[in-house]
Amino acid sequence: MSLSIRDQQQDASRIRRRIVVAGVLCILVVAGLMTQMVRLQVVDHHHYATLSQENRIKVNAIPPSRGQILDRNGAILAENRPSYQLVATPERVPDIDTMLDEVGEIIEITEAQRERFLNRLNNSRHFEALPLRTRLDEEEVAKLAVHRHRFPGLEVDARLVRHYPQGQTGSHAVGYVGRITARDLRRIDRTAYRGTNHIGKSGIEHAYEQVLHGEVGVERVETNAAGRVLRTLDRHPPRSGDDLILTLDIDLQDAAERALGDQRGAVVALDPDSGDILAMASRPHYDPNKFVRGMSRERFQELEDTGWQPLINRPIRGLYPPASTIKPFVGLAALEHDVIRPDTEIHCDGSYHVEGRDEPFRCWRDWGHGDTDFVRAVAESCNVFFYDTAFRLGIDRMSAFLEPFGFGTPTRVDTSGERSGILPNRDWKRRALGGGWYHGETVITGIGLGYFSTTPMQLARATAILANQGRIVEPRLVQTIRDGEAGHESRTAASTPQERIELNDPEHWELTTEAMRAAVEHPRGTARLIGDDLDYSLAGKTGTAQVTESREDDDEEEIPEHLRSHALFIGFAPAEDPEIAVVVVVENAEGGGGAAAAPVARAVTDVWLTEDYAFLEDLEAGRIDESEVEDEEEAPMELMP
Amino acid sequence: MSTSALPGSQGVGVRLSFLQSRLHLDGVLLTALAAVAAFGVAVLYSAFGEDWDQTRNQVIRVSFGFLALFACAQIPPRTLRRWAPWVFGVGMALLAAVMVMGVIGQGAQRWIDLGFMRFQPAELMKLALPLMLAWLLADHDIPPRPRRVMLALVLIAAPVGMIAVQPDLGTAVLVAASGFFILFLAGLGWRWILGGVAGAGAAAPLLWFFVMHDYQRARVLTFLNPENDPLGAGYHIIQSKIAIGSGGLFGKGWLNGSQAHLEFIPERHTDFVLAVVAEEFGLMGVAQLLAVYLIIVGRGLYIAARAQDNFSRLLAGSISLTFFIYVLVNAGMVSGLLPVVGLPLPLVSYGGSSLVTIMAAFGILMAIHTHRRLWS
């Protein structure tokens, strides 16, 4: 070393000064670290302690089992079936490939299933059970049980899955459940649906979701960060959803759907006394079970692509002009207001002139009905009679009389998606369309056309009120709610409003019924096709609503299907003491109301009142000769103002 | 324990105890290191979920560390000084070799596979760089002249750059720090230091855009706002803070840390082991551990101050301060003060090679203290 001692000591003290600086810095830094530790461990201790607790304790949901849906006689419409799936917990399986080979010898495991399992294996935590095969049948479950000891880590897992044993029958009324979607999540209480994958999407399943769902149970478990459950701390069991007993009779429902056959349309059958919906058919229908499993986009598209909207619940969502089926109600209004008397005759020469219009309104029968009274006008569905009656009654009195029958207002039936239809009047027109009311509009409203629109359910309710001679009923689909746990039952608020439509002369009810019986029973009645061999009295009214404005005198066959007229029928039986009120709508039918809709109604009333399936079978076999009935054609739409 | 020099005896004569003169060990350091290591084993036993097999590995590694310490303590500083350029040369060569033929592990090229063990040249560089710089500056002016400072900076930049591209940010920071500490202790002017800090500030954006890997950038961003990504990169920091905060003043007790035992703390037996300490032993435990670390660093600085030549002073000071950086960066990261940089908590974290390096460094410190000449 060439440096002197003095230099060395100078260097040493320089370095020492820096060492002191460094030491002081170290102490300051540690003080800073301690400050942060104090902040975390003392100041914010409570906050972090809570977070740590939440970290550790996980609340697991135990889904409740959904309530069953039964028909009025106890037939199961919706239930929960165990669905078995084979699951494997990878960490407990000694050798995955060997296991797959050996299990494959016992039950079928396709190459695709095997591949899917191995894919999942790569993307999951090794202590989580992975599905290997879903929807095992009973035999496969039994086979697996026998060989269970050979496969550690394999388990058969049973889950409850919604099942609709009736399949397509009643599918619209009952509805279906489907996977909970992002849209559902926005409106439901998420906590109540923890652990549940399905939710009611339509029909009763949707409308009574809260009742059917039940209450979710919880168990608190201690988990590690990876989510593995270490132990259960406590458990609060779920409460099953309540069962629903419907007013529906599945046999009658089936009969109604069969009677409609491949035609599009709706049938509603009510018990006029209680408002119980005995049948509520909508065609085309669909298999709700497919929605439970989850429908692929393609399959859904297939349904949609038929163009006939099979998912629409026609009885409450289909809007149709009531057409001639409104005539008994309009006649009743005219009788009540003394516009006509029971023996008033109006001459029909096939056309009716309204002041200020050049074109006349036509009757469906070109050559007219001649002198016609109320009964005959209903039975033969004379338009001119009702043009004149409506004109003289005026829109205000007419719509005021029709309103309590429920036209233009929802029936408040206890299922979701109901539409309200339109009862046209001055007020409605001003609000909806603006502008004043024309005479021509009154005239056409008198035969249930123009702006008039109803749902089959509304029409059925009005028919039931007619059958009740004025007692108002509310249609209902759920008869009883049965507590899923305790088993006690509670009836739903059944048609309690005991209001009546009071007539000045109650005889007019009888007269209207007589007129409607004539439509069925009189040789010239528009529904005479169904009047033969009746074991009971049937009061009815046909209706035919044109869809297109153009009125060609060509054969029906040449008009494209979607432009053909809708066929309607309303009726109740037995006429003296009604037990059923029925409404049939056949969309774009091959005949009018008398040919296409009336036979469907007869089949339904036969089954309900006499359990006689002969007419239904004849109808299905095409043995009902519709040609003998003239097609009533309602007033052409081109005459609309 | 320690019976080092009497006041005023420095530079003239040194009286050494048996431990110092024969075994070349320093009692204070040895006791403090052993205390931390023993505590570390206890913490790891808990962090491993009371798995003794894995804990035993750590005991074996710690024993190896103390062997390394003992071996290095026997090497006289003069010998080290002679070897310094060669050690540095070999270190650089190995770093280059890693770049060329390194084994890929964890996405980074860090190891040379020797067949029976994996060797990280970067670990060697933690010792080789301060040795080299101390050698470079010791025989010349203190404070160093600008030209020598520039040379020193080049010698720092070369290995640090090679380690940073491996990429091993934590080790690069440490190696760079060990080099800068030599310069700092050698009396580098404050103007240089402030200029350097300013320069680093200016270089940061360049580093960000041209040097850093995506995951490194993510770490910095996550550090700035961990709640942005609570299940991804921010998860480590959030869970670590929860563990620390829930420990409170006295902790949940040994083996009772729920965050640790339920596996919420990531890397709980390596980089985040301090979170386990904080959860189970509370603020008191953390304070005591940091106090012992301060004692170790303080003793190291004392040894540096008492050393007899510039080479020893610079080397001892750098080793002590680098050790402190370990503690600072790790504790700062675990408590959310610094970005997540993969550095272990010395003597506590589970892991082999850095432990051995640290212990070897303390061996050198002891050698510096115990090979002092009795007369100058």
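These legends walk you through several close-up views of a predicted model.

**View 1. Chain B as a whole, with its helices and strands.** Welcome to chain B, whose secondary structure comes to 14 helices and three strands. Of its 376 residues, 51% count as buried. Looking at contacts in chain B with a separation of 6 or more, residues 24 or more positions apart account for 71% of them.

**View 2. Confidence along chain B.** The mean pLDDT of chain B is 83, and 86% of the residues score at least 70.

**View 3. Helix H7 of chain B crossing helix H13 of chain B.** Here helix H7 (residues 169-185) and helix H13 (residues 310-334) of chain B have axes that come within 8 Å and cross at roughly 140 degrees. That angle makes H7(B) oblique to H13(B). The crossing of H7(B) and H13(B) is right-handed. On the H7(B) side, you can find B:Val173, B:Leu174, B:Ala177, B:Ser178, B:Phe181, B:Ile182 and B:Leu185. They meet residues of H13(B) including B:Leu314, B:Gly317, B:Leu321, B:Ile325 and B:Val329. The residues of this contact of H7(B) with H13(B) divide into 11 nonpolar, four polar and one charged.

**View 4. Where chain A touches chain B.** In this view, 34 residues of chain A are in contact with 41 residues of chain B. On the chain A side, the elements that give two or more residues are helix H1 (5-43) and helix H2 (45-56) of chain A. H1(A) gives the most to this side, with 21 residues. The residues on the side of chain A that touches chain B divide into 19 nonpolar, nine polar and six charged. For the complex, the predictor gives an ipTM of 0.88 and a pTM of 0.60.

**View 5. Two cis peptide bonds in chain A.** Start at the peptide bond from A:Arg283 to A:Pro284, which is cis, with omega near -5 degrees. You will find A:Pro284 in the loop between strand E12 (277-283) and helix H11 (289-292) of chain A. Then move along to A:Ala573 and A:Pro574, which are also joined by a cis peptide bond, with omega about -20 degrees. A:Pro574 lies in the loop between strand E20 (566-573) and strand E21 (580-586) of chain A.

**View 6. A positive phi at A:Asp533.** Although A:Asp533 is not a glycine, its phi is positive, near 50 degrees. This residue lies in the loop between helix H21 (507-521) and strand E19 (539-545) of chain A. Is A:Asp533 buried or exposed? A:Asp533 has 9 other C-beta atoms within 10 Å, so it is exposed; the cut-off for exposed is 12 or fewer.

**View 7. A positive phi at B:Leu255.** In chain B, B:Leu255 has a positive phi of about 75 degrees, and it is not a glycine. Look for B:Leu255 in the loop between helix H10 (234-247) and helix H11 (258-261) of chain B. With 14 other C-beta atoms within 10 Å, B:Leu255 is partly exposed.

Methods. Residues are numbered from 1 along each chain as its sequence is written. Chains are lettered from A and ligands numbered from 1 in the order in which they are written. This is a predicted model: local features need pLDDT of at least 70, side-chain atom pairs count only at pLDDT 80 or more; totals for chains, interfaces and linings use all residues. Axes are lines fitted to C-alpha atoms, for helices over the stretch in contact, and angles run from 0 to 180 degrees between N-to-C directions. Helices (H or I, at least four residues) and strands (E, at least two) are DSSP runs, numbered from the N terminus. Angles under 35 degrees count as roughly parallel, over 145 as roughly antiparallel, 65 to 115 as roughly perpendicular and the rest as oblique. A crossing is left-handed if the near helix is turned anticlockwise from the far one by less than a right angle, and right-handed if clockwise. Two residues are in contact if their C-beta atoms, placed from the backbone, lie within 7 Å. Ala, Val, Leu, Ile, Met, Phe, Trp, Tyr, Cys and Pro count as nonpolar, Asp, Glu, Lys and Arg as charged, and the others, Gly among them, as polar. pLDDT is the predictor's confidence in each residue, from 0 to 100. A residue is buried if 20 or more other C-beta atoms lie within 10 Å of its own, exposed if 12 or fewer, and partly exposed in between; C-beta atoms are placed from the backbone.
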